[in-house]
Amino acid sequence: MRKRIVGMIIFIAAIIIVLTDGCQKKATNKDGTSIYYSAIESGDYYEGWANQLEEAAKQRGFTFQVGYAENSIETQDAQIKKAVSEDCSVFLCGPVSSDIVTEIKVAADSAPIVFINNAPSEKQLEKDRYIYVASDEVMAGQYQAEYILEHLGQKEEINVVLLKGPKGASGTVGRTEGLKQTLKASGKTIHYVFEDYADWNEDKAKELVKMFLKTGRSVDCVVANNDDMALGGMSALEEAGYDIDSILFLGVDASTNGCQSILDGKMDFTVYQAMSDQIVAAVEAAGKLAAGESIKGMEGATEDGKYILIPFEKVDISNVANYTNS
C-alpha cells in the first residue's frame, strides 16, 4: 500500500513538472515577438521595405520573416496561413487588394495585423488590433495643389495632366483626392486635359503622355502620384520639343531620381514620404500589439487607435539638398 502511495506521488509530481515545463515553453513563445511581413510583390521597392523592417525588428530582438505575394490573393492567403502554423505572433501586411482584408484577417487567425503599403478601408480597422501605418495620402495631393496655385495663381484657368498610380491603390485614391479637392476649393477653373492610370511606372506614363500630345491641347502642369510618372511625362514632352521650363512637373516620394531632377532644374516639386519613420513606427506598433499593449502615446497615433500617420514634407529647389541622401 505504502509503495502504491509513493508511486502515485511520484507520478503526480512528474505530471506537474511536465505541465509546468509546457507552460513555460508556451509563455516563452508568447513573449518572443515573431513578425511576418506579407509583401505585395518582390522587386526593389518592397524588398527595400523588407530589409529595413528586418533591421528594425532585429534591433528590438524580434524575429522576422517575409513572403512576397506577387500580386496573388491566393498566394498571400497561403503564406499568411503558413506563418500562423509556424507561431507568428503579429503580421505586417501590404494587402494585394484592399478588397481582401477580411480574408487576410481570417487567415491570420486572430493575430494582430499592422497594415502598411496599401490601406484597408477604415471599417476594416480595429483599435489596437488591426491598424494602418502610413502618411496621410490626401496631404500629399494637397501639397501638390498648393504649389500649383502658388506658381500659377495668376491664371484663372489651369490645364492639368494627371498621372495616377494603380486603380484602387490607397496612394492613388488619397493623393488624387487631395489634389482635386484643393484645386477645386481655389475657385479657379481646372481643366483635366488628360487623366489616366500609369501604375507608378515611368515608361507607361511616358507612353500615355505621348498619346495625349497628339490632341494638341496645351499643358500648364503635369501632376503625378509619384516621381517616376512625373519624370515619364516630362520625358514625353521634352522629346516632343516642348519648353519644359514653362510647364510645372510635380511628383511624390522625393525619390533619388526625382530629387536629382529638381537639382537639375527640371522637375519642380515633390513630397517626401518618410519611409524610414514609417518602418520604425510599424515595427514598434507590431511589438506593442503582439504584447497586448495599446499604440496610444506613439507619435502619430490617432485618437481612435486605428492609425499611425507620419507627416509628409514639401520638397522643392529651396530644400531638395536636404533629401538627396534620404
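Trainee: Where does Glu 70 lie?

Mentor: This is a predicted model: local features need pLDDT of at least 70, side-chain atom pairs count only at pLDDT 80 or more, and totals for chains, interfaces and linings use all residues. Residues are numbered from 1 along each chain as its sequence is written; side-chain values use heavy atoms, without hydrogens and water. Helices (H or I, at least four residues) and strands (E, at least two) are DSSP runs, numbered from the N terminus. Glu 70 is in the loop between β2 (63-68) and α3 (73-85).

Trainee: Which loop residue has a positive phi of about 70°?

Mentor: The residue lies in the loop between β7 and α7 (202-213).

Trainee: How many helices and strands does the protein chain have?

Mentor: The chain has 326 residues, and 47% of them count as buried. Its secondary structure comes to ten helices and twelve strands.

Trainee: What is the order of the open sheet of six strands?

Mentor: Two strands pair if DSSP finds at least two bridges between them. The pairing in this sheet is parallel, and the order is β2-β1-β3-β4-β5-β11.

Trainee: Which are the edge strands of that sheet, and what is its average twist?

Mentor: An edge strand here pairs on one side only, as do β2 and β11 (307-309). Axes are lines fitted to C-alpha atoms, for helices over the stretch in contact, and angles run from 0 to 180 degrees between N-to-C directions. From one strand to the next, the twist averages 20°.

Trainee: Which strands does helix α2 lie across?

Mentor: Helix α2 covers residues 44-59 and runs at about 170° to β2. The strands it lies across are β1, β2 and β3.

Trainee: Is Thr 33 buried or exposed?

Mentor: Thr 33 lies in the loop between α1 (2-31) and β1 (34-39). Contact means heavy atoms within 4.5 Å. Leaving aside neighbours within four places in sequence, Thr 33 touches Phe 62, Thr 63, Ser 89, Val 90, Gly 287 and Ala 290. Its relative accessibility is 9%, so Thr 33 counts as buried.

Trainee: What is the order of the open sheet of four strands?

Mentor: The pairing is parallel, in the order β7-β6-β8-β9. Its edge strands, each pairing on one side only, are β7 (189-197) and β9 (248-250). The twist averages 15° from one strand to the next. Read across, the order is β7-β6-β8-β9.

Trainee: Which residue in β7 is the bridge partner of Leu 163?

Mentor: Strand β6 (residues 157-164) pairs with β7 in the parallel sense, over eight bridges. The partner of Leu 163 is Asp 196.

Trainee: Which helix packs on the sheet and touches β6, β8 and β9?

Mentor: Strand β8 spans 221-224. The direction of the helix makes about 150° with that of β9. The helix covers residues 227-239 and is α8.

Trainee: Which residues in α9 do Asp 227, Leu 231 and Met 234 meet?

Mentor: These three residues are in α8. Their partners in α9 are Asn 257, Gly 258 and Ser 261.

Trainee: How far apart in space are Gln 260 and Thr 324?

Mentor: Gln 260 is in helix α9 and is partly exposed, at 40% relative accessible area. Gln 260 and Thr 324 are 64 residues apart in sequence. From C-alpha to C-alpha, the distance is 7.4 Å.

Trainee: Which residue in β12 stands opposite Tyr 272?

Mentor: Strands β10 (residues 270-273) and β12 (residues 312-315) pair in the antiparallel sense over four bridges. Opposite Tyr 272 stands Glu 313.

Terms used:
Buried < 20%, exposed > 50% of the residue type's maximum accessible area, 1.4 Å probe, protein only.
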